[in-house]
Amino acid sequence: MSNAWNEGYFTDEGYTYSYSREINPVFLRYCLLLRGFATLESNDGVHCELGFGQGVSINIHATANPGSFVGTDFHPGMAAHAIDLATAANNGARLYDDSFEQLLARNDLPQFDSISLHGIWTWVSRDNQKLIVEFARRHLKPGGMLYVSYNCFPGWSPSAPLRNLFSLHDRFANASARSDERIDAALEFSEALLAANPKYAAAAPSLGARLQSIKGQDRHYVAHEYFNRDWNCMYFADMVDALAPAKLDYATTAVPLDSIDPLNLSAEGMDFLETIEHPIMREQARDYFVNQHFRRDLYVRGATRLSAAERRARMLHSRFALLQSWETVAGSVTGPAGEATLQAEIYGPVLDALAAQNYAAKSMRQLLSETAMAYDDLEQALAVLIGMGAVAPCQSEAAESQVSGRCAALNLQLCKRSLYGANIQTLASPVTGGGVTVSRFQQLFLISIKQGKQQPAEWAQLAWGVISEQGEVLIDNGQPLLTAEANIAALTAQAQVFAEQTLPVLRALKIA
Ligand SMILES: C[S@@+](CC[C@H](N)C(=O)[O-])C[C@H]1O[C@@H](n2cnc3c(N)ncnc32)[C@H](O)[C@@H]1O
């Protein structure tokens with residue numbers, strides 16, 4: 001639907017309620033430190049998120065970080081949802097339904113320590129991209145960081161024409177007022193076109209599989225990814241140029257696994273990239289080796305390198321915590337260069353040390369003395385575990401105690417929402433300053449625990465009471481469980497695993 005305010009952005013379908021750890025200032029500071037860059041270290045920093053969608057990430061971060069947060073999303077329904085969460089958490093976030101143009105015109109905004117935009121850049125017009133750059137030029141502090149994610153070439157080159165077909169069909173051939181019907185019609189049209197054997201399909205043989213995978217994706221996501229009027233996919237080097245007017249230097253990615261070359265590149269690729277001196281040229285060439293299609297990049301307004309000693313001192317002082325029980329951490333990790341097994345003699349002691357003392361967060365200095373490992377091995381193991389999402393960098397204990405109360409308030413609200421549905425499966429941790437994935441049933445178990453129930457069987461009863469009233473049942477091996485007994489037994493089994501594996505971690509993360 002075309003509204004005066006939506007500038008061709010596909011606003012008929014609200015966006016998903018997903019959470020992005022990359023926008024957490026604690027995580028971003030860790031990514032910069034990992035690559036040896038200085039960061040603004042203040043606990044009461046001011047942060048901005050552009051295009052916050054349903055506002056899950058900005059609210060988790062505004063609640064779990066001691067600093068202050070400002071954000072906008074021009075979709076009034078989603079801004080209202082985000083403001084509602086901010087009120088529930090009493091986190092002081094200033095959230096607007098301004099367009100980027102309106103935000104830029106405000107004269108009541110501070111200088112920010114960080115500006116983040118996740119899933120925005122590619123899907124807005126060139127004019128809006130310029131407004132974003134101008135916003136960063138005016139409002140990012142010297143030394144401040146900018147996080148931006150975007151679709152890029154060369155990874156997108158074979159399937160960009162597919163997106164073009166969807167968008168063209170939506171613009172010229174769709175009559176339906178219903179957005180789900182318009183999306184389905186465009187997908188069917190594209191499938192029929194490929195089935196008619198155009199020469200393009202022969203040149204890009206993976207297109208059919210790509211289309212099938214899109215058909216299986218969440219329609220809200222598909223709407224935003226493929227049906228906007230604007231879709232400005234870029235090369236990394238063009239992004240560097242686009243951000244230069246805001247005095248932004250490319251620093252690194254917000255992907256810790258990118259720091260592990262053997263996971264990303266063949267020996268031949270590593271040797272080739274070694275020969276390239278210019279860092280921008282090297283990073284751009286690297287995108288060819290990994291066939292990059294989506295980048296999560298970190299820029300700094302005046303990137304400053306730390307000395308090796310200072311970097312190490314800061315890293316030793318940083319704290320880390322497991323986000324899952326040690327026995328559930330995968331034994332391997334996959335990158336563009338293939339799968340690598342986590343060596344038991346390295347990862348065993350690291351996971352043991354992280355799990356010790358009931359999973360309490362520990363500084364790298366503590367982990368080093370507990371594992372007796374070499375510094376470089378431990379730093380790399382932590383980067384891998386953080387990259388996998390099994391571990392998170394933590395904020396200071398002072399920051400943690402400042403935000404504990406409001407995290408509890410937000411988490412209670414989020415758990416209460418699980419009484420009605422499963423849309424937000426994240427809770428806020430005062431320890432990491434970020435979100436932790438917690439399923440709907442686990443949120444229901446937490447409500448039961450809050451009510452003083454101590455036995456997994458009691459938690460399962462509460463969950464069954466809630467879902468059975470809504471006519472829902474559990475699915476086991478693809479089959480619905482038809483009796484109350486079978487559902488309660490399955491929920492009790494889940495609650496037992498929750499008690500043994502998840503609850504100790506949630507307690508250490510100060511969520512339970
Ligand atoms: C793909 S969604 C990403 C949302 C969120 N960052 C996330 O990752 O979950 C893009 C968001 O940008 C917002 N948006 C697009 N153009 C905008 C503009 N010109 N001004 C403000 N918000 C805009 C949309 O309403 C939408 O919520």
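Asparagine 197 counts as exposed, at 65% relative accessibility (exposed being over 50% relative accessible area, buried under 20% and partly exposed in between, with a 1.4 Å probe and protein chains only). The structure is a predicted model, in which local features need pLDDT of at least 70 and side-chain atom pairs count only at pLDDT 80 or more, whereas totals for chains, interfaces and linings use all residues. Residues are numbered from 1 along each chain as its sequence is written, and side-chain values use heavy atoms, with hydrogens and water left out.

Asparagine 197 has a positive phi of about 55° although it is not a glycine. Its place is in the loop between helix 7 (179–195) and helix 8 (199–203), helices being DSSP runs of H or I with at least four residues and strands runs of E with at least two, numbered from the N terminus. A positive phi, of about 50°, is also found at asparagine 477, again not a glycine. Asparagine 477 belongs to the loop between strand 15 (475–476) and strand 16 (479–480) and is exposed, with 75% relative accessibility. In the loop between strand 5 (140–151) and helix 6 (160–172) lies proline 154; the peptide bond that joins phenylalanine 153 to proline 154 is cis, with omega near 10°.

The protein chain is divided into domain 1 (21–153 + 232–259 + 293–301), domain 2 (160–226), domain 3 (316–394) and domain 4 (438–508), with bounds taken from an automatic or database domain assignment. Between the C-alpha centres of domain 2 and domain 4 the distance is 39 Å.

Helix 19 (residues 397–417) comprises 21 residues and spans 29 Å from its first C-alpha to its last, close to the expected 30 Å, a value given by 1.5 Å times one less than the number of residues. At valine 403, helix 19 bends by about 45°, the bend being the angle between axes fitted to the seven residues ending there and the seven starting there. Buried residues of helix 19 include Val403, Cys407 and Leu410. Alanine 409, also in helix 19, is partly exposed, with a relative accessible area of 31%. The C-alpha atom of alanine 409 is separated by 47 Å from that of proline 158, 251 residues away along the chain.
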